[in-house]
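Here are my notes on the model you asked me to look over. Please keep the picture open beside you and find each residue as we come to it.

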Amino acid sequence: MIAREVLVLDTAGLSLEQLQPLSRESLNFVPARSVEEAARLFRSRHFSVALVVFDGEPESGLRAIESLVSGPASAEWIALIEPRALQSRDFRTFILRAFADYHTLPIDPQRLAVTIGHCIGKASLRQELESGKPESTGKFHIGGRSPVMQLLFQKMEKVIGSDAPVLIGGETGTGKELVAHAIHQHSARAGGPLVVVNCGAIPATLIQSELFGHEKSAFTGATQRKIGRIEAASGGVLFLDEIGDLPLDMQVSLLRVLQERTISRVGATQCIPVDFRVIAATHIDLNEAVAQGRFREDLYFRLNVLSLTVPALRERGDDIVLLAESLFTQFAARHGNGNARGLSRDALDALMRHDWPGNVRELINRIQRAVVMSENRLVSPADLGLDVARRSITTLTLDDARNSFERDLLETRLRANGNKVSQTARQLGVSRVTLYRMINKLNIALDH
Ligand SMILES: Nc1ncnc2c1ncn2[C@@H]1O[C@H](COP(=O)(O)OP(=O)(O)OP(=O)(O)O)[C@@H](O)[C@H]1O
Ligand SMILES: [Mg+2]
């Protein structure tokens with residue numbers, strides 16, 4: 001889907017009026033008054049063509065414009081230039097290197113329309129070729145074409161060439177675990193194991209022997225020798241998920257392992273060398289956890305050598321629609337009731353408007369539910385559970401609207417956290433007791 005939106009970077013505000021006649025060609029010009037504003041627009045929307053207007057003083061800000069033009073976004077760039085600027089040889093070289101074409105001011109609407117049309121054609125051809133590749137989700141098999149995701153993939157390229165520790169941040173449900181798997185699969189350790197430890201899910205009393213293993217008779221109930229997860233990760237990758245939940249005493253032990261590269265099983269006297277790469281993930285802000293004394297700073301520095309942040313779904317612009325459509329096709333083929341053939345325009349609009357607190361996991365859940373439940377030929381916002389706000393504005397009382405919002409939020413967060421009440425309460429900034437009270441009041445089922 002190529003939007004016919006054309007970005008116009010025009011710091012002096014010279015051109016918008018001159019571009020007016022071109023609006024008839026169903027081109028929508030989106031103005032940006034600074035390079036920063038243009039960069040911001042590129043992060044959230046798709047432009048296949050962008051115009052940059054240069055006044056007579058071309059030297060100023062060229063470096064910033066060059067980094068914008070040569071950035072990851074796959075737009076075609078056209079320069080609109082005050083003729084006297086072309087007297088500078090450096091400027092002419094810059095234009096030749098960075099732009100697909102240029103026009104001199106004042107604008108000749110007919111000629112510019114042809115150039116823009118040509119560039120849109122080229123951009124759509126390129127996009128078609130890219131989406132037609134057998135691995136349309138790219139090398140890492142992670143869906144996403146938005147600039148923020150392209151940036152993540154570029155960083156992952158660097159991370160897979162190294163063996164240093166990686167810390168993956170990002171909100172719940174954004175795909176941190178998916179990223180960890182992809183790094184393992186594409187790194188030199190792909191032939192070794194990937195051992196996943198969910199630091200929040202193992203009871204504090206068991207975590208020591210889970211991580212380090214134990215010898216036979218190390219403690220009551222230790223009837224056999226057990227190899228711990230760290231030892232099991234030898235030759236491969238140890239993925240420490242929800243590292244922020246690791247108890248403080250285990251943080252000390254983990255730091256020692258990372259420094260000394262040896263472990264000893266519980267009840268053992270000798271040390272065993274271990275060779276693993278550590279990848280840790282967290283949805284909390286570890287910096288803040290360090291400041292609050294909940295996370296050791298020395299361990300944080302050890303883990304945060306290479307850091308990646310998986311963007312929230314709401315920051316991925318058109319990716320939301322691309323992901324939704326591809327998930328719809330997958331689920332409809334497997335679990336569809338034969339009713340729904342696609343997503344309606346209203347549904348797509350609702351997806352773009354929604355805030356996605358549960359990110360990709362929430363999107364998967366909503367699409368899955370819609371595929372099963374929809375009675376319509378095209379999925380509606382209601383099938384996706386996304387028509388609450390609109391209804392509340394016209395018919396609901398304030399109390400109903402508040403309850404409905406709270407129910408939606410709680411259900412989404414609980415689902416995203418696998419119905420873990422303590423974790424959800426922490427994220428929402430309320431006590432467990434309060435959350436349980438709300439769950440009861442709102443009649444939320446905690447089924448799995
Ligand atoms: N770009 C994507 N394309 C398709 N599926 C995705 C994408 N990103 C994530 N997913 C899917 O979304 C779900 C959530 O991803 P994942 O478990 O990796 O998130 P997470 O960040 O680890 O979440 P949490 O913080 O809750 O542990 C998974 O089913 C995953 O396969
Ligand atoms: Mg996870």
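Predicted model: local features only at pLDDT ≥ 70, side-chain atom pairs only at ≥ 80, totals over all residues.

1. A word on burial comes first. A residue is called buried when its relative accessible area is under 20%, exposed when that area is over 50%, and partly exposed in between, using a 1.4 Å probe and counting protein chains only. By that rule, H103 is buried, since its relative accessibility is 4%.

2. Residues are numbered from 1 along each chain as its sequence is written, chains are lettered from A and ligands numbered from 1 in the order in which they are written, and side-chain values use heavy atoms, with hydrogens and water left out.

3. Now the overall layout. The protein has 448 residues, and buried ones make up 45% of them. You can count 19 helices and 16 strands; these are DSSP runs numbered from the N terminus, with helices (H or I) of at least four residues and strands (E) of at least two. The C-alpha trace spans about 85 × 60 × 40 Å along its principal axes.

4. The protein is divided into domain 1 (5–131), domain 2 (147–309) and domain 3 (317–441). Those bounds come from an automatic or database domain assignment. Between the C-alpha centres of domain 1 and domain 3 there are 39 Å.

5. Which residues are closest to ligand 1? They are G143, T172, G173, K176 and R361, out of 16 residues that surround the ligand. A residue is near a molecule if one of its heavy atoms lies within 4 Å of it. Sorted by class, this shell has 6 nonpolar, 5 polar and 5 charged residues. Here Ala, Val, Leu, Ile, Met, Phe, Trp, Tyr, Cys and Pro count as nonpolar, Asp, Glu, Lys and Arg as charged, and the others, Gly among them, as polar.

6. Take a look at the oxygen atoms of ligand 1. One lies 2.6 Å from a polar side-chain atom of K176. A side-chain N or O atom of R361 is 2.9 Å from an oxygen atom of the ligand, and for E177 a backbone N or O atom lies 3.1 Å from a ligand oxygen. The protein buries 80% of the 640 Å² that ligand 1 exposes when taken alone; such areas come from the Shrake-Rupley method with a 1.4 Å probe. The elements giving two or more residues to the shell are α7 (176–186) and α15 (359–373). Domain 2 (147–309) and domain 3 (317–441) each supply at least three residues to the shell.

7. As a rule, an α-helix has 3.6 residues a turn, so residues three or four places apart point the same way.

8. Back to H103, which sits in strand β5. Its side chain makes a polar contact of 2.8 Å with the side chain of T115. A polar contact is a pair of N or O atoms within 3.5 Å; within protein, one must be able to donate a hydrogen and the other to accept it, and residues adjacent in sequence count only if both atoms are side-chain atoms.

9. Finally, please check some backbone details. Most residues other than glycine have a negative phi, and most peptide bonds are trans. A cis peptide bond joins L105 and P106, with omega about 0 degrees, and P106 is in the loop between β5 (101–104) and α5 (109–131). R261 has a positive phi, near 60 degrees, and is partly exposed at 31% relative accessible area. N359, in helix α15, has a positive phi of about 55 degrees, yet N359 is buried, at 0% relative accessibility.
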